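Here is a short walk through a structure, written for someone who likes to have the molecule open while reading. Have a look at the sequence and the fold, and then we can go through some details together.

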Amino acid sequence: MPLLEIKDLCVNIEGKEILKGLDLCVDAGQIHAIMGPNGSGKSTLAFVIAGHPKYQVTKGSITLDGQDVLAMHASKRARAGIFLAFQYPTAIPGVTVANFLRHALKAQGREVELKDFRKRVKEQLQSLKIEESFMSRYVNDGFSGGEKKRLEILQLAILRPKIAVLDETDSGLDIDALKIVAAGINAFAQDKSTGTILITHYQRLLDFVKPQAVHILAYGSMVASGGWEIVERLEKDGYEPFLPKQEATKS
Ligand code: ADP
Ligand code: MG
């Protein structure tokens with residue numbers, strides 16, 4: 001059974017159809033990269049998997065380990081092991097990073113002893129090169145772009161979901177931060193019971209994190225799926241050769 005299976009997914013936002021029959025199948029132990037032009041629906045897909053209420057699913061299915069994901073509220077999806085790293089992480093003034101992480105674990109029914117929690121966080125802070133003082137700062141409040149992205153990876157490492165959807169977690173990072181984030185993703189993906197969906201615009205992340213499959217999302221569905229050859233063609237020729245002819249002439 002696939003870990004995450006999406007079939008014929010159609011999604012509207014404010015009456016406009018954004019996803020138009022999207023299919024995706026991620027097995028345990030796999031990393032899938034999703035690339036695609038701006039506005040093609042990548043973040044929409046990420047939000048719909050996580051259960052954002054603003055999107056209306058009009059058709060299709062999403063299952064996690066065979067369970068109907070669409071029937072679950074966002075909080076239940078998180079408990080079931082779905083994790084989303086936001087393209088634009090939001091600030092939560094008044095909530096410290098430490099409290100946020102402990103509450104997130106508790107909400108998943110995986111409360112840990114304070115001592116163990118501190119130890120785990122400390123190890124992760126070191127590998128992500130995040131200063132310990134961050135734990136007492138408010139979530140994303142005044143964080144730089146790179147710090148926000150590293151905090152997403154810290155959450156990933158602490159929460160250890162079944163499936164991680166990382167929406168442009170590489171964007172806006174300098175090369176050193178990119179390598180740190182990539183190492184965090186690889187460390188997560190080492191657990192072969194998990195799956196990872198990497199939404200990205202750039203080959204440079206994929207130089208450090210090797211996906212088993214690469215997809216191109218355009219006009220609301222997957223227009224190409226394959227392996228590394230897709231990344232190479234994209235670098236060389238851009239999105240144009242992948243786009244359906246009638247759609248390409250429309251835009
Ligand atoms: P991507 O992440 O691939 O750049 P998005 O999923 O963010 O694309 O957006 C896909 C399309 O959905 C875009 O045309 C965008 O303008 C539209 N869209 C996203 N959110 C909203 C919204 N709240 N209201 C109206 N249109 C939206
Ligand atoms: Mg996006």
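Which residue in strand 2 is the bridge partner of Val 11? The partner is Leu 19. Please keep in mind as you read on that this is a predicted model.

**The sheet and its helix**

Strand 1, covering residues 4-13, pairs with strand 2 in the antiparallel sense, and eight bridges join the two. Both belong to an open sheet of four strands, ordered 2-1-4-5 with antiparallel pairing. Strand 2 (16-26) and strand 5 (67-68) are the edge strands, each pairing on one side only. Lying across strand 1, strand 2 and strand 4 (56-64) you will find helix 1, made of residues 42-50, which runs at about 110° to strand 1.

**The magnesium ion**

The magnesium ion (ligand 2) has Ser 43 (OG) and Gln 87 (OE1) as its protein donors, at 2.1 to 2.2 Å. Because Ser 43 sits in helix 1 and Gln 87 in the loop between strand 6 (82-85) and strand 7 (92-96), the pair ties together parts that are 44 residues apart in sequence. Gln 87 is buried, its relative accessible area being 16%.

**Around ligand 1**

There are 13 residues around ligand 1, and those that come nearest are Gly 39, Gly 41, Lys 42, Ser 43 and Thr 44.

| Residue | Part of the residue | Distance to an oxygen atom of ligand 1 |
|---|---|---|
| Lys 16 | N or O atom in the side chain | 3.4 Å |
| Lys 42 | polar side-chain atom | 2.8 Å |
| Ser 43 | polar backbone atom | 2.9 Å |

Notes. Residues are numbered from 1 along each chain as its sequence is written. Chains are lettered from A and ligands numbered from 1 in the order in which they are written. This is a predicted model: local features need pLDDT of at least 70, side-chain atom pairs count only at pLDDT 80 or more; totals for chains, interfaces and linings use all residues. Side-chain values use heavy atoms; hydrogens and water are left out. Two strands pair if DSSP finds at least two bridges between them. Contact means heavy atoms within 4.5 Å. Axes are lines fitted to C-alpha atoms, for helices over the stretch in contact, and angles run from 0 to 180 degrees between N-to-C directions. Donors are N, O and S atoms within 2.8 Å of the metal (3.2 Å for Na, K and Ca); water is not among the atoms, so sites may look incomplete. Buried means under 20% relative accessible area, exposed over 50%, partly exposed in between (1.4 Å probe, protein chains only). A residue is near a molecule or strand if one of its heavy atoms lies within 4 Å of it. A polar contact is a pair of N or O atoms within 3.5 Å; within protein, one must be able to donate a hydrogen and the other to accept it, and residues adjacent in sequence count only if both atoms are side-chain atoms.
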